[in-house]
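Hi,

Here is the structure I promised to pass on. Have a look at it first, and then read on for what I found.

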Amino acid sequence: MGSKGGCGTTTLATQLGALLSSSFSRNSLLLDLHPDFGDAALYLKLTKGRFHFFELLENADRLDSDFLQSFVMRHSSGLDLIPAPEGSVASREALPRGALAHTLNFLSARYEFILVDLPPALNEENLAVIRDCDQLYLVTVAEVSAIRNVVR
Ligand SMILES: Nc1ncnc2c1ncn2[C@@H]1O[C@H](COP(=O)(O)OP(=O)(O)OP(=O)(O)O)[C@@H](O)[C@H]1O
Ligand SMILES: [Mg+2]
């Protein structure tokens with residue numbers, strides 16, 4: 001998650017995911033949780049799939065291995081991606097209760113690592129992911145001179 005927009009969150013998430021998959025052969029999945037203009041697929045040079053992560057959440061009660069495959073895109077590194085919507089979701093309905101927790105639980109049984117590219121907001125979905133995650137990377141930017149002062 002970025003402390004604000006444009007901090008390098010998607011760069012970190014996509015590079016780390018590709019590295020885990022290709023160099024360490026770890027079964028990894030990246031979720032793009034941006035409701036608007038998520039660009040993890042673009043960074044991985046993948047054309048966004050027919051379905052996005054929010055549609056998976058809306059249909060969480062239908063989740064099984066076959067259903068999951070229609071949402072997953074595979075990067076050449078071996079990293080799996082469930083992309084954000086193409087453009088913006090104009091009117092998103094409230095997600096079914098417990099859909100996010102159920103989906104993350106289902107996915108965590110199938111992947112060693114799940115990386116989540118979160119938009120910089122403390123909305124209900126982000127807070128639920130943050131509460132459940134093992135590690136949170138808060139990405140920020142700093143002036144090089146400020147870093148030098150800290151290091152000295
Ligand atoms: N460590 C870095 N050093 C310099 N530039 C970087 C670094 N990480 C990312 N960038 C560049 O900064 C820009 C923003 O990066 P990125 O899209 O990853 O940020 P973001 O936090 O995901 O932004 P958004 O809020 O749009 O989702 C990109 O042009 C990227 O190439
Ligand atoms: Mg981003």
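The shell around ligand 1 has 7 polar residues, 1 nonpolar one and no charged ones. Its members are Gly 2, Gly 5, Gly 6, Cys 7, Gly 8, Thr 9, Thr 10 and Thr 11. Before you build anything on that, please keep in mind that this is a predicted model.

Now to the overall fold. The protein chain contains 7 helices and 4 strands, and along the sequence they come in the order α-β-α-α-α-β-β-α-β-α-α. The C-alpha trace spans about 55 × 35 × 30 Å along its principal axes. Of the 152 residues, 28% are buried. Among contacts with a separation of 6 or more, 79% are between residues 24 or more positions apart.

Which strands does strand 1 pair with? One is strand 4, which runs parallel to strand 1 and is joined to it by 5 bridges; here Leu 30 has Leu 115 as its bridge partner. Another is strand 3, also paired in the parallel sense, over 3 bridges; in this case Leu 31 is partnered by Ile 82.

Several of these residues turn up again in the largest nonpolar core, which has 24 residues. Those touching the most other members are Leu 30, Leu 31, Ala 40, Phe 53, Leu 81, Ile 82 and Val 116. At least two residues of this core come from each of strand 1 (28-32), helix 2 (40-43), helix 3 (53-58), strand 3 (80-82) and strand 4 (113-117). In soluble globular proteins, nonpolar side chains tend to be buried together.

Ile 82 is worth a click in your viewer. Setting aside neighbours within four places in sequence, Ile 82 is in contact with Leu 29, Leu 31, Asp 32, Phe 53, Leu 56, Phe 71 and Val 72.

Best wishes

Methods:
Residues numbered from 1 in each chain as written. Chains lettered and ligands numbered in written order. Predicted model: local features only at pLDDT ≥ 70, side-chain atom pairs only at ≥ 80, totals over all residues. Buried ≥ 20, exposed ≤ 12 C-beta atoms within 10 Å, placed from the backbone. Contact = placed C-beta atoms within 7 Å. Near = placed C-beta within 6 Å. Nonpolar A, V, L, I, M, F, W, Y, C, P; charged D, E, K, R; others polar. Core = buried A, V, L, I, M, F, W, Y, C linked by C-beta atoms within 7 Å. Pairing = 2+ DSSP bridges.
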